[in-house]
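Please look over the model below before reading on.

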Amino acid sequence: MTSKDQGSPSNRASAGRCTAMTAKGSPCKNPATEEGGLCPIHQKARKSGPPPMESWSPSLSPDRKSSLAESLAEFRDWVGRRMRGDYVVDDWGFDEEFTQKFYPLIKWMYKKYWRVTATGLENVPAKGRALLVANHSGVLPFDGAMVIMAILEEHPEPRLVRALVLSLFFGLPFTGTMLQRVGQVQASPTNSERLLEADELALVFPEGVKGIGKPFRRRYQLARFGRGGFVRVALKTQSPIIPVSIVGAEEIYPQIFNLKPVASLFGLPYMPITPTFPWLGPLGAIPLPTKWYIHFGEPIPIPEMKYRPSEEPLLVTKISNQVRDTIQRQIFERLKTRRSVFW
Amino acid sequence: MEKKTRSVLVTGVSHAWGAKLVPLLEEDPEFDPIIGIDFKKPEKPFKRMEFFQVDLHNPLIAELLQVARVDTVCHLLFLDSYMGSEEYFDQNVMGTMDLLAACAAGEINRVIIKSDTKVYGADYLHPNYITEDAEIKGFHQHRYIQDRVELERMVDRFTRHNKTPGVTILRFANVLGRTIDTPIMRYLDSNIVPTVLGHDPLFQFTHEQDVIAALYHTIKTGAVGAYNIAGEGVLPLSQVLRIGGKHPLPVSAALLKLTSALWRKAGRKGVLSSVPIEAGYLKYNCLGDTTRMKKDLKFFPRYSSKDAVIDFFEHLRVRQYLPDRTAIRSDPLSSEKLQAWIQSRRRASDYLSDLLDTFNKEGEHDQ
């Protein structure tokens, strides 16, 4: 075997290298060890659990049919691994193994419940950094989850989008931990810069609470776009902005009234009263099965930043307005052809 | 090229960190002389370090620094305690202030101070990775964090008013190891570990060997400024406990705070004093951004966070099977004495036997 390997130089070169892919998607150049044609780094990665985050592809998650005994054994192994603490959490606290357990449910919401139609996916780059900017609505932030699902399910090269979630949610017990484990990141300029510098896809909702908690009568009217922080981050990291419009999320919880005193009592940003919510108890918290449309617009290029600080505020306002107008226009385009909220 | 030697002064050589760092410096001929100060006598003798038993308030330190032409001061003397104590504050904060004043008076090149990433405080409003320029706003419940925060603020004031000496602050993430004792180790060292219900913060860890390596690296190179030092990667607290096979006991944050505060007031040592970490740090992340450590300091820890955790728990598991060393260990100083005595005897007997040999040889000549 070894003599055959040493026969031709080209054969040796390919056989001597690690067969795994690196996190950046290029073939690993490290020399392979004897077993399995992997370098020590990848062997370790294989042994210690799932492959690195970037190669994460949800389509690999088990759809296949297996016998009961097999799935039981699989489950036993999973529990064992979890109990031994034998899993990897990435720099942002994203726990892939844990997330995969929820994947079928969210997929069902995406495919069957809200029947999301995603368009313009060719505008999302397969590699490199980009900042997705979307309109925010729907009382509970399901829209973020659906944008993430759109990229994972429909994009030719699925990537995990990191949604930047209002820091307030990270302060809440259970919610904060949960958000981190499924790959969400607390919204702050430092965090978004760090994400984009690492060439990730980041998703922001510049409207923030003003968008998500707005009353039903003001649906599809974009709220103020924060203070333009997202533009500053995009300028600094030179990442293109992709405007994303979400139609359908506004109607999942028609908020008639915002009970502010109760909200401030519990330290929440808003306390929605919907036709069903407090009246039907937990049943009222089930979102309505509307039909969703997500459109990814053409990237808005970010001009090369010449170091002239006096120009920056003007540029920030200009780009911020441009992004806002683009999203608003995309929403109206869709609303023009939409015949029913539910179909 | 002629190799220059530098004079180094290390404080706290009778405590864990100093006692570990000095032997490393002694191996390096670049550092000569090495001076160590502490307020109590060291347990083990050092090879070539000169030891002075002085406390940091001593005005003679300024003169010592000048006479010895000290180039770098490594300030490691810090007393960890989670019960408030005026004496500890006096040593930790006021002592550092006096030391810095002495350094400013002398011609010191650089002062290196060991600190902790906990000084940033844990808060959900912080970015995930806190850079070194962030505001120092650690919590004020536990004494050792409070002292560190006060110390850092004082050092900050000092550096703003004094251009020399340069001050280097190394902020270490939770330190784990085999031979030292840190709050996080005390916290993880019981079978049932109290945690905060609904929260599972991410933790960074540093191995004790990396702490020593980082200190040595910083003394060796000329870096100035603040640096976060932590192993690669993060772990959720729950994963740390699972790796260690510990049982988490989720308690509400208010209850945890209340009980540990009451217990501290009562001055008891018991189950609850094993919560040496403030509830806040068990709720939210407090992670240091290590970009500057890699880029500017060019220091790369050997242990990742996970490796440090695994190493620590391996040690914990084996520890219970080890014989109790402290009970039977002989006094190192007296064993040193014994060795000296044996050597002197051996030399004497060698001398005698040499004498006898020569005497015998001379006898042979006579015949």
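**Notes on the model**

1. Helix α7 (residues 237-244) of chain B is largely enclosed by the rest of the structure, because six of its eight residues are buried. Buried means under 20% relative accessible area (1.4 Å probe, protein chains only). Helices are DSSP runs (H or I, at least four residues), numbered from the N terminus. The buried residues of α7(B) are L237(B), Q239(B), V240(B), L241(B), I243(B) and G244(B). Just after α7(B), G245(B) has a positive phi of about 70°.

2. This is a predicted model, where local features need pLDDT of at least 70 and side-chain atom pairs count only at pLDDT 80 or more, while totals for chains, interfaces and linings use all residues. Residues are numbered from 1 along each chain as its sequence is written, chains are lettered from A in the order in which they are written, and side-chain values use heavy atoms, with hydrogens and water left out.

3. How many residues does each chain bring to the contact? Chain A gives 26 and chain B gives 23. Contact means heavy atoms within 4.5 Å.

4. Chains A and B bury about 2,000 Å² between them, with 44% of it on carbon and sulfur atoms. Buried area is the accessible area (1.4 Å probe) that two parts lose on being put together, summed over both. On the chain A side, Y87(A), D91(A) and R194(A) lose the most area to chain B, together 23% of what that side buries.

5. Two salt bridges link chain A and chain B. A salt bridge puts a side-chain nitrogen of Lys or Arg within 4 Å of a carboxyl oxygen of Asp or Glu. R181(A) forms one with D200(B), their closest N and O atoms being 3.4 Å apart.

Terms used:
Buried means under 20% relative accessible area, exposed over 50%, partly exposed in between (1.4 Å probe, protein chains only). Helices (H or I, at least four residues) and strands (E, at least two) are DSSP runs, numbered from the N terminus.
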